[in-house]
There are 2 protein chains.
Amino acid sequence: MPTQTDEELREKVLDVADRLYYGRGIQAVGMDALRAEAGVSLKRLYQLFPSKESIVEEVLHRRRRLWNGLVEAAVATGATPRDRLLAVYDMLARWFDDDDFRGCVFINTFGELGATAPRIAQLVREHKAHFQAALAALVAEAGGPASLASQLAILAEGAQTTAAIAGTSEAAGHARAAAATLIDSALTATRAR
Amino acid sequence: MPTQTDEELREKVLDVADRLYYGRGIQAVGMDALRAEAGVSLKRLYQLFPSKESIVEEVLHRRRRLWNGLVEAAVATGATPRDRLLAVYDMLARWFDDDDFRGCVFINTFGELGATAPRIAQLVREHKAHFQAALAALVAEAGGPASLASQLAILAEGAQTTAAIAGTSEAAGHARAAAATLIDSALTATRAR
DNA sequence: AGAGCGAGAGAACGTACGTTCTCCGATGCG
DNA sequence: CGCATCGGAGAACGTACGTTCTCTCGCTCT
């Protein structure tokens, strides 16, 4: 079944592309590096993907699914809405401790290509908007105001860039503590009203 | 006085480089674009700067001075330590409203070159560490715990990336509100102790 | 005025990239 | 056994980049 092999090969190429792009930056990884690492010929590569930009887009799509899965899994562990929100920062802490953690793919890609690749920039915007919407749903469930979701999203973004640049994972803990404070403050204020 | 002209030319080139690099990304702007926009010959350009990377480093140095100046100016407007801390987020709000705001130069550059240019990565790290230290001094003055400074820094970083990606400036207001909550919570907790 | 120095314009060089093309061997079928 | 088709390896092509070199012009100093 050749179609199966095609699909497997696509996945392998995307695995390799994800790893190399994330580790070195997109512009620093040529199609030849992809070819060598994936063990595919250039011809086959261009049969599977029409261009480099399409590979980048598919890699981002995969990362988006991965991220959404991680968020959902983390959220599922919490008993209360408050716990579910805080579980996001626990997930971040585990991620930051990965040896090959190099920051948020979407933030990095936006910094590298956002100014010149509108489709990529749009993809990043949609991803971040989706994450904010997920937080907003949890906040609404907890009975908090919409502004709390924005604040929690900013904490998550800041933790990712801070951890990436500083090269340490402690930002996750700080963000979690800040999130707890903000949640409790917002909820007692709402409840007192 | 030829030395004076040299210095003026250097400044002009750095002005142009800052604008183009910030607007399009560093790798997307070649030496020829710099030459054309600054009205300098390539020969002169390489007499003034030994390489493109040195231009990038000088641009970052200038941005660091600019940023530190903005922070100091903002902080100087506050009467109390709390006001001084919050003034940082007011400064961010004004910056985000600039038409050509495209996020934090340091975060963008780290995303683009951090993986392949160690000197640049180090420069970004130092800049962020310096900002955190400035916040820590203000927090200490206010009598807050060190962890508060980390939380406030994360808020500032998150506001910058969120504003850049979303293309709106509202993140500054959310970060400011969150900062106020965190400061008040930390200070009452400390005071009550 | 003539010679020498410096600067500007841009051609040239080496490299690397994204993409396409060519060759060539293997494989399947009559 | 011969032929045709497919895929792999990598050469080739066009472009763009960072950097250097060459040529020419104009100014200055005697």
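1. Terms and basis. Helices (H or I, at least four residues) and strands (E, at least two) are DSSP runs, numbered from the N terminus. This is a predicted model: local features need pLDDT of at least 70, side-chain atom pairs count only at pLDDT 80 or more, and totals for chains, interfaces and linings use all residues. Residues are numbered from 1 along each chain as its sequence is written, and chains are lettered from A and ligands numbered from 1 in the order in which they are written.

2. Fold of chain A. Chain A has nine helices and zero strands. Its pattern along the sequence reads α-α-α-α-α-α-α-α-α. The C-alpha trace of chain A spans about 65 × 35 × 30 Å along its principal axes. Of the 193 residues in chain A, 40% are buried. Here a residue is buried if 20 or more other C-beta atoms lie within 10 Å of its own, exposed if 12 or fewer, and partly exposed in between, with C-beta atoms placed from the backbone. Take the contacts in chain A between residues at least 6 apart in sequence: 59% join residues at least 24 apart. Two residues are in contact if their C-beta atoms, placed from the backbone, lie within 7 Å.

3. Domains of chain A. The assignment gives domain 1 (1-49) and domain 2 (57-192); such bounds come from an automatic or database domain assignment. The C-alpha centres of domain 1 and domain 2 of chain A are 29 Å apart. Domain 1 of chain A gives nine residues to the contact and domain 2 of chain A gives ten residues. On the side of domain 1 of chain A that touches domain 2 of chain A, the classes are five nonpolar, three polar and one charged. Ala, Val, Leu, Ile, Met, Phe, Trp, Tyr, Cys and Pro count as nonpolar, Asp, Glu, Lys and Arg as charged, and the others, Gly among them, as polar.

4. Annotated spans. An unreviewed UniProt entry annotates residues 7-67 of chain A as "domain: HTH tetR-type". That span, residues 7-67 of chain A, is 80% helix and 0% strand, with its end C-alpha atoms 22 Å apart. The UniProt annotation "DNA-binding region", also from an unreviewed entry, covers residues 30-49 of chain A. Residues 30-49 of chain A are 75% helix and 0% strand, and their end C-alpha atoms lie 14 Å apart. UniProt positions are given in the numbering used here, feature names are shortened, and annotations may be inferred rather than shown by experiment.

5. Surface near DNA strand C. Residues around DNA strand C include A:G30, A:M31, A:D32, A:Y46, B:S41 and B:R44. A residue is near a strand if its C-beta atom, placed from the backbone, lies within 6 Å of it. Helix 2 (31-38) and helix 3 of chain A, and helix 3 of chain B, each supply at least two residues of this surface. By class, the surface near DNA strand C has four nonpolar, three polar and five charged residues.

6. Surface near DNA strand D. Among the residues around DNA strand D are A:S41, A:R44, B:G30, B:M31, B:D32 and B:Y46. Helix 3 (42-48) of chain A, helix 2 (31-38) of chain B and helix 3 (42-48) of chain B each give at least two residues. The surface near DNA strand D has four nonpolar, three polar and five charged residues.

7. Chain B against chain A. How many residues of chain B are in contact with chain A? The contact takes 38 residues of chain B and 38 residues of chain A. On the chain B side, helix 1 (2-24), helix 6 (105-113), helix 7 (118-142), helix 8 (146-166) and helix 9 (170-192) give two or more residues. Helix 8 of chain B has the largest share, 13 residues. By class, this side of chain B has 16 nonpolar, 16 polar and six charged residues.

8. Helix 8 of chain A. The 21 residues of helix 8 (residues 146-166) of chain A should span 30 Å at 1.5 Å a residue, and the end C-alpha atoms are 30 Å apart, which agrees. The expected span is 1.5 Å times one less than the number of residues. Why is helix 8 of chain A largely enclosed by the rest of the structure? Because 18 of its 21 residues are buried. Just after helix 8 of chain A, A:G167 takes a positive phi of about 80°.

9. Two sites in chain B. B:L152 lies in helix 8 of chain B. B:L152 counts as buried because it has 29 C-beta neighbours inside 10 Å. Not counting residues up to four places away in sequence, B:L152 touches B:L85, B:L135, B:A179 and B:L182. B:C104 sits in the loop between helix 5 (81-96) and helix 6 of chain B. With 25 C-beta neighbours inside 10 Å, B:C104 also counts as buried. B:C104 and B:A163 are 59 residues apart in sequence, yet 9.7 Å apart in space, C-alpha to C-alpha.
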